Amino acid sequence: MPVESGADPHPPAEPDAGGVDARHAARLAEQHWNAAGRLTRLPADRDDNFLLLSATGARHVLKVAAAAEDLATLELENAALRHLRAAGPGERVPVPLPAADGRHVVMDPETGRAVRLLTWLPGTPLATARPRDAALLAAAGALVGEVDAGLAGFTHPGADRILAWDLARGAEEVAARLRHVEDPRRRALLEAVLERVAAEVAPAADQLRRSVIHADGNDHNLLVGPARPGTPRTVTGLVDFGDMLRTWVVAGPAVAAAYAALDTPDPLGAAAALVRGYHARHPLREAELAVLDALLRLRLAVSVSMAAERSAAGTAEPYHLVSQAGAWAALERLSAVPGAVAHAAFRYAAGLEPWPAGQRAATAVRQSKPVAVVDTPLADAPAAELGPGSVAAAEAGAALEPAAWHAVIAAPAVAPWGASRRLDAPEVAAQEGPDRISYRTRHLGADLFLPAGTPLRVPLEGVVRAVCTGPRGATLVLAHEVDGAAFHTRWTGLASASVAALREEARMRAGEPLGDVAYHGENGGWPPHVHVQLAATDPAGIPDTAAPDEWPWLAALCPDPAALLGLPPARPAEHDLSARRSALLGPNLSLSYARPLHIVRGRGAYLFDADAQPYLDCVNNVAHVGHEHPRVVAAIRRQAAVLNTNTRYLHPLLVEYAERLTATLPAPLEVVFLTCSGSEANELALRLARAHTGRRDVVVLDGAYHGNTSALVDMSPYKFAGPGGAGRAPWVHVAALPDPYRDPRGMDAFVSDVSRACRRAHAAGAGPAAFFAEPLPGCAGQVVPPAGYLRDAFAAARAAGAVCVADEVQVGFGRVGSHMWAFEADGAVPDIVTLGKPIGNGHPLGAVVCTRQVAASFANGMEYFNTFGGNPVSCAAGLAVLDVLEKEGLQASAAAVGGALLEGLRTLAERHPLIGDVRGRGLYLGVELVRERGTREPAAAEAAHLVERAREHGVLLSTDGPLHNVIKIKPPLVFGAAEADRLMGVLDALLGEDALRR
Ligand code: PMP
């Protein structure tokens, strides 16, 4: 589609009928190309384009050019397309087909318009692809690069065209239309772009290569293939060569990157991804990378200024205005990105050192022998923890009052360059939204924690460039020049009074007073500290911290200031431990996610990785009362410092814990054994049942998992019937999983199946010793059996002489909301209950509680001893969990939040057909995904894909169930309404993505 000057590159979805109708177009196709078929009009701005679908299913595009179209341009296009067919992009560009008389352009005598028939390319526009992630943008950039590389050796007399969209003349075009932009703020945005172009592009024009390029890699011209879960999406074609011309090569990636930057919270990241792909296929030179940012902004400016002109002339269509809103938003977002940052990002994308001046500055500082900034040597200062409460506050496990910081920071502490700061909860909340997936956590400077009022000295001579006050105290910017290297230092966290007398442009000598450390009241409530940042560019607009993905280029711009401060160089943190791990640990110890997480901290419902990026934990039911709950941590710490030994001595905590635990259970469950895990608890339950009945066999539910010991693997269909499993052992009998979604037989059939399994046990030997059941089967797919199932199934098993074991390892301790124990919700009472996971909030603890009769049978003379089970530290942990559950009302919260979540998920199911079933109790929920609701075909690949995508959005989920298609949700019980909203928002957004939309 040739786009005329002033035309918008975003075509309307449904254009007005053009001058040529489908019937006439069909005649043209038949007459000149012998091509018959059904014609459908395609969206186009000026031409009349039709999809021609032949009876054999072949597709072509019939293009009837606008009346005014220059024939030379069409010939240029055709020649280029034929040239490209033989070059890199091959099938991914259209080819013009010769008419019966051999011509590639035919004139329609009736309308006087030029007609062409082109091959049709499969795909949908990149503009509508969701998500438009970095990989897809890089693939798009790669195709544009391939096309331009293919055109590099192509020449044609028609290529030297004058086009308003030509970025080489873009500044003139924008300047001419500036007056149509009424909003002064918007006009200023465009003026700033023009200034950049005048300052950076014009002087470099000689160094910019020229060749024929496609010049319109906009997101409607790039086509992408179908989205398939778990598979990278491909870019299938680049169409519309109507803007092709000979111009600056760098205009190609600039145009494509400008469109990549639309509709994203991170326009620079998106543009850089596109440039990475382009550069890989058509390498850019350093001089070209240097002007890429200015040209990208110029393209947006050309687009909005043309639209403004149309608006002023009253010729704008509504869709013009919609597409322009995105371009204005991108210009505005980019106005907060300093040119040097974009330049460094593009250099990084091209595999170059992002900012060589940064290295020069770092070397100059190292060789310059700076004067010490404070009297106390900082080199041996302890590392400070960066985050809310900071330093020793983190140590204490709780935030300290500002007055206490003051005491703590009496001695210096240092947070080195590159250290990640923790985010506080409001900060996470403020940055969150389905769009925000990366947080600025890595420090681009070193933080010196010093007592408030400590005077600092100027380390290197410099000139004052700026003094201002902000939310973190006063900031002083100094410009330095050492051995020909020019750079700046920025000092934030100074007492305003101490720098009030400084004037811009004043020269400060090394050793002169620089300013004093601000009091916390002036420092945003943080412990007194000064953030010292080196910048090998003007630091205005450069952040204090970087998100992990932007770290490479921001860190190059702002190198380690250690040498300036007399500190040892910061050591880069090790982020990827996978190689070391797999060298030494068992190969079947699995890691979650395609990009494994390196988690270093937990708080509440959040986990934080080595970069301090937060992840909302929706699956860890072990961290029951919240990750690293201060009360539980304090209880463990306190007891560990006093005594930890085994149960062969009297200890009050063991007795107290047994009392507290049994008080939560129904009367017959009164004898306690403490273990170190859920597996140990179930293993012991098996021994108890066998001792009590004198039998060997057990009945379990299909899909169950009860633990990792040999006997328990034999008793877990999830394991023995899965990969590597040895199959069912003769002493194990499997009853049907009472899954109302997948098994329509209903309650009576499920209960009868337990009886049948018991009969098989009788047939095989002495009958069942035990019936093990999870009240809400977990690994089997977060199943909620019909109401009363457990009660009736226990009755059936007892009738067969079995001991009934409720495995509450997953669901116990108030998770189901309505009750402390899930079996209670079903009106069932077991003979033995086994507990684990949440019981110690992560401390290795498990328990078996049984009837006095069962315990008596077990006491047959053989001692039961468990070295670690029931030690006082474990008991302290268990007690603290019970305390927190009670004090924080977490069971009631599980009921309320879980109920709302269940309802919310059901609403999601109305919008997203991929959701086949939503079920659960309290904060124990399952979302079963199906390809089609009628057939209930399991959507396992989709479930895995959703889990991976959620991880990229900072939400941790996982899959379960024998068909691997159930998303499980079982977060710490401190998961509140805000967390539930966030989860729902992310699920809603991801289920709307192309790979998951139905
Ligand atoms: N029972 C159930 C129902 C479980 O889900 C698990 C662990 N997933 C266990 C027992 C075993 O617990 P552990 O891994 O702590 O030994």
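Begin by selecting L902, which is found in helix α29, residues 890-911. Helices here are DSSP runs of H or I with at least four residues, strands are runs of E with at least two, and both are numbered from the N terminus. The structure on screen is a predicted model, in which local features need pLDDT of at least 70, side-chain atom pairs count only at pLDDT 80 or more, and totals for chains, interfaces and linings use all residues. Residues are numbered from 1 along each chain as its sequence is written, and side-chain values use heavy atoms, with hydrogens and water left out.

**Stop 1: around L902.** Is L902 buried or exposed? L902 has a relative accessible area of 15%, so it counts as buried (buried is under 20%, exposed over 50%, partly exposed in between, with a 1.4 Å probe and protein chains only).

**Stop 2: the ligand.** Next select the ligand and the residues around it: S677, G678, S679, N682, Y705, H706, G707, E774, D807, V809, Q810 and K837.

- G678: a polar backbone atom is 3.2 Å from an oxygen atom of the ligand.
- S679: an N or O atom of the side chain is 2.5 Å from a ligand oxygen atom.
- K837: an N or O atom of the side chain is 3.1 Å from a ligand nitrogen atom.

On its own the ligand has 390 Å² of accessible area, and the protein covers 85% of it. Accessible areas come from the Shrake-Rupley method with a 1.4 Å probe.

**Stop 3: the whole chain.** Zoom out and colour by secondary structure to show 31 helices and 36 strands. The C-alpha atoms fill a box of roughly 100 × 85 × 50 Å along the principal axes. Of the 998 residues, 56% count as buried. The accessible surface of the chain is about 39,500 Å², with 54% belonging to carbon and sulfur atoms.

Note on methods: Near = heavy atom within 4 Å. Polar contact = N/O pair within 3.5 Å; in protein donor to acceptor, adjacent residues only side chain to side chain.
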